[in-house]
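Subject: Structure for you to look at

Hi there,

Here is the structure I promised to pass on. Have a look, and then read on for what turned up in it.

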Amino acid sequence: MSGELSPIDKAKFVAAKRAADFVEDGMRVGLGTGSTAAWLVRCLGEMIREQGLRFKGVPTSARTAQLAREVGIEVVSLDDARWLDLTIDGADEFDGDLNLIKGGGGALLQEKIVATASDQMVVIADIGKEVETLGAFPLPVEVIPFGWRTTQALIEETLISMDVLGRSSTLRMNGSAPFVTDEGNHILDLHLNRIGNLRQLALVLNQMPGVVENGLFIDICDTVIIGFGDGRVELRDINEGTIEHDRLDFVESDNLFTDLAE
Ligand code: 5RP
């Protein structure tokens with residue numbers, strides 16, 4: 001069954017499966033968005049069915065909310081939960097300090113609010129997401145639709161004085177129409193190639209009128225669980241300074257693989 005999965009999907013799956021062990025009875029858990037987070041949600045659904053795990057999940061997007069309900073997770077809003085024990089989410093890039101670029105799936109705003117409202121953030125990723133310096137992945141910036149072209153021009157102008165290698169940007173599209181986030185906004189993807197000063201860029205972007213939030217997650221992630229296509233996982237804890245290694249078997253015990261292949 002696992003033979004149907006690409007090495008990257010296997011890597012995402014094992015990272016997600018290992019991260020699911022962080023969830024304990026009674027917790028309030030932020031549920032990320034994206035293909036790796038979808039594996040996590042399915043793993044948690046399996047633990048609910050097979051082990052009787054009970055927790056409340058706060059999704060970071062409408063699509064995660066839908067999947068979470070489908071697999072039997074008790075979904076609550078962040079306003080109901082207020083504060084979370086744990087958030088588990090994917091990332092588009094992470095560096096050695098566990099700073100992240102997120103928002104490839106367009107959910108960065110809710111993802112950042114939820115992760116920031118959590119005691120612990122665990123990122124799950126395949127090894128291909130690790131970089132020395134953030135910025136090869138275009139940085140998503142959520143902007144309000146009103147005057148987005150003006151906001152884009154202002155951002156590009158400002159990037160001239162930032163420590164970045166590129167300063168072009170593109171409006172994210174969904175087919176022939178602009179992509180619309182769950183909050184009704186648009187996304188500008190900044191093609192920076194390399195970001196030399198993360199904090200400065202994040203601060204400057206968020207000060208601009210029209211910018212809602214940027215996809216840089218600085219000092220938010222505590223642990224990264226890196227998956228490999230052969231079943232190995234590596235857990236790096238930035239607070240403890242520890243690195244652990246583990247290996248997970250692909251077990252044909254459930255519908256997870258077949259469900260996702262469909
Ligand atoms: C969504 C995100 C995702 O976590 C990020 O894009 C990674 O996605 P995937 O797990 O599909 O590679 O930030 O906004």
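With which side chain does the side chain of Glu-234 make a polar contact? The partner is the side chain of Arg-236, at 2.7 Å. A polar contact here is a pair of N or O atoms within 3.5 Å; within protein, one must be able to donate a hydrogen and the other to accept it, and residues adjacent in sequence count only if both atoms are side-chain atoms.

A word on the source: this is a predicted model, where local features need pLDDT of at least 70 and side-chain atom pairs count only at pLDDT 80 or more, while totals for chains, interfaces and linings use all residues. Residues are numbered from 1 along each chain as its sequence is written, and side-chain values use heavy atoms, with hydrogens and water left out.

Glu-234 sits in strand β16 (residues 232–237). Helices (H or I, at least four residues) and strands (E, at least two) are DSSP runs, numbered from the N terminus. With a relative accessible area of 11%, Glu-234 is buried; that word stands for under 20% relative accessible area, exposed for over 50%, and partly exposed for what lies in between (1.4 Å probe, protein chains only). Not counting residues up to four places away in sequence, Glu-234 touches Val-224, Ile-225, Ile-226, Phe-228, Ile-243, Glu-244 and His-245. Contact means heavy atoms within 4.5 Å.

Ile-225 belongs to strand β15 and is buried, at 0% relative accessibility. Beyond its neighbours within four places in sequence, Ile-225 has contacts that include Ala-15, Arg-18, Ala-19, Phe-22 and Glu-234. Arg-18 is 207 residues away from Ile-225 in sequence, yet their C-alpha atoms are 7.6 Å apart in space.

Strand β15 (residues 223–227) also holds Thr-223, which is buried with a relative accessible area of 3%. Among the residues in contact with Thr-223, leaving aside those within four places in sequence, are Phe-22, Leu-98, Gln-120, Arg-236 and Asp-237. Leu-171, by comparison, is 52 residues from Thr-223 in sequence and 32 Å from it in space, C-alpha to C-alpha.

**Two positive phi values**

Most residues other than glycine have a negative phi. Leu-98, not a glycine, has a positive phi near 65°. Leu-98 lies in the loop between β5 (93–94) and β6 (100–101) and is buried, with a relative accessible area of 3%. Arg-82 is not a glycine either, and its phi is positive at about 65°. Its place is the loop between α4 (78–81) and β4 (86–89), where Arg-82 is exposed with a relative accessible area of 66%.

In helix α3 (residues 62–70), the buried residues are Thr-64, Ala-65, Leu-67 and Ala-68. They fall within an arc of 170° seen down the axis, so they line one face of the helix; the arc is that of the directions from the helix axis to the C-beta atoms. Arg-69 and Glu-70 are exposed on the face turned away from the buried side. The buried residues of α3 are covered by elements including β1 (28–31), α2, β2 (56–59) and β3 (74–75). After α3 comes Gly-72, with a positive phi near 100°.

Helix α7 (residues 198–206) has Leu-198, Leu-201, Ala-202 and Leu-205 as its buried residues. Their arc around the axis is only 100°, which puts them on the same side of α7. They pack against β8 (139–143), α6 (148–159), β12 (186–191), β13 (211–214) and β14 (216–217). At the N-terminal end, Asn-197 caps α7, with a side-chain oxygen 3.4 Å from the backbone nitrogen of Arg-199.

**The largest pocket**

The largest pocket holds about 170 Å³ of space. Of its 15 lining residues, Thr-33, Gly-34, Ala-91, Asp-92 and Lys-129 are the closest to its centre. On a 1 Å grid over the protein atoms alone, a pocket is an open set of points where a 1.4 Å probe fits, with protein on both sides within 12 Å along at least five of seven lines; lining residues have an atom within 4 Å of a point. Grid points are joined across faces, edges and corners, and the volume is the space filled by probe spheres set on the points. Helix α2 (residues 35–51) gives the most to this lining, with 3 residues.

Happy reading!
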